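The sequence and the structure come first.

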Amino acid sequence: YVHNSPVNFVDPLGLDSYMILELGHEMIAIDDPENPGGLLIFDFYPAGERIFDGITKSVVGTVREQKLAPGENLFFEYWAFEIPGTRKKKNIEEDKMMIERARQLKNAAATGDLRYRLFFTNLNCIGFCVAVQSIGKERK
């Protein structure tokens, strides 16, 4: 649960969302309200195209949704880490809002309405994660 670092990975109530960096790619982790202790991981990347095609032009994007059971880790768990400063305290309703927003963007990508471009942060994995996480207001 805490990857041997209880100081850095503490979320006993399952109310946090945070960004993950895995091999240079950013994803967002949201507590799964339907699976206590589980996570939903969303990320945005070029669909079936080489990432470098997105340097000079926008390309078709896709959103991946991964469901992790309690205690389950990402495939590249040793290269994945939480990005410091991205953990946000959320309530269950805000978690649901973020999940709904991620799925809306997933549908937009599937219809070609959401395109990927590497160097424009509002159109790449970083912009996707920020758009999802900012949908619910942060609790003080």
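K106 is partly exposed because its relative accessibility is 30%, which falls between the limits for buried (under 20% relative accessible area) and exposed (over 50%), with a 1.4 Å probe and protein chains only. The model is predicted: local features need pLDDT of at least 70 and side-chain atom pairs count only at pLDDT 80 or more, whereas totals for chains, interfaces and linings use all residues. Residues are numbered from 1 along each chain as its sequence is written, and side-chain values use heavy atoms, with hydrogens and water left out.

The side chain of K106 forms a salt bridge with that of E65, at 3.6 Å from N to O; the term stands for a side-chain nitrogen of Lys or Arg within 4 Å of a carboxyl oxygen of Asp or Glu. K106 belongs to helix 1 (residues 92-110) and E65 to strand 4, so this pair ties together parts that are 41 residues apart in sequence. Helices (H or I, at least four residues) and strands (E, at least two) are DSSP runs, numbered from the N terminus. E65 is partly exposed, at 26% relative accessibility. A network of salt bridges links E65, R103 and K106.

## Other salt bridges

The structure holds five salt bridges. One of them joins R64 to D43, with the closest N and O atoms 2.6 Å apart. This pair links distant parts of the chain, since R64 is in strand 4 and D43 in strand 3, 21 residues apart. The two partners fall into separate accessibility classes: R64 is partly exposed, with a relative accessible area of 31%, and D43 is buried at 0%.

A further salt bridge is formed by K96 and E93, whose closest N and O atoms are 3.9 Å apart. Both residues are in helix 1, and because they are three residues apart, about one helical turn separates them. K96 has a relative accessible area of 41% and is therefore partly exposed.

## Strand pairing

Strand 4 (residues 59-68) pairs with strand 3 (residues 39-46) in the antiparallel sense, over eight bridges. Pairing here requires that DSSP finds at least two bridges between two strands. Within this pair, Q66 of strand 4 stands opposite I41.

Strand 4 is also joined to strand 7 (residues 115-116), by two bridges, and these strands run antiparallel. Y116 in strand 7 stands opposite V59.

## Nonpolar cores

A nonpolar core is a set of buried Ala, Val, Leu, Ile, Met, Phe, Trp, Tyr and Cys residues joined through side-chain atoms within 4.5 Å. Which members of the largest nonpolar core touch the most other members? They are I28, I30, F42, F44, V63, F128 and V132, out of 19 residues in this core. Strand 2 (25-31), strand 3, strand 4, helix 1 and helix 2 each supply at least two residues of the core. Helix 1 gives the largest share, five residues.

Leaving aside neighbours within four places in sequence, V132 is in contact (heavy atoms within 4.5 Å) with I28, I30, M98, R101, A102 and L105. A second, separate core has eight residues, including Y18, A29, L68 and L74.

## Helix 2 and its cysteines

C125 lies in helix 2 (residues 125-133). C125 is buried, at 8% relative accessibility. Not counting residues up to four places away in sequence, C125 touches H25, E26, F44 and Y116. From C-alpha to C-alpha, C125 and V63 are 9.3 Å apart in space, while 62 residues separate them in sequence.

How many disulfides does a search of the whole structure find? The search finds zero, a disulfide being a pair of cysteine sulfur atoms within 2.5 Å. For C125, which is in no disulfide, the nearest cysteine sulfur is that of C129, 6.3 Å away. C129 is likewise in no disulfide. C129 is buried, with a relative accessible area of 0%.

Q133 is also placed in helix 2. Its relative accessible area is 8%, so Q133 is buried. Residues up to four places away in sequence aside, Q133 touches S17, Y18, M19, I28, T86, K88, K90 and M98.
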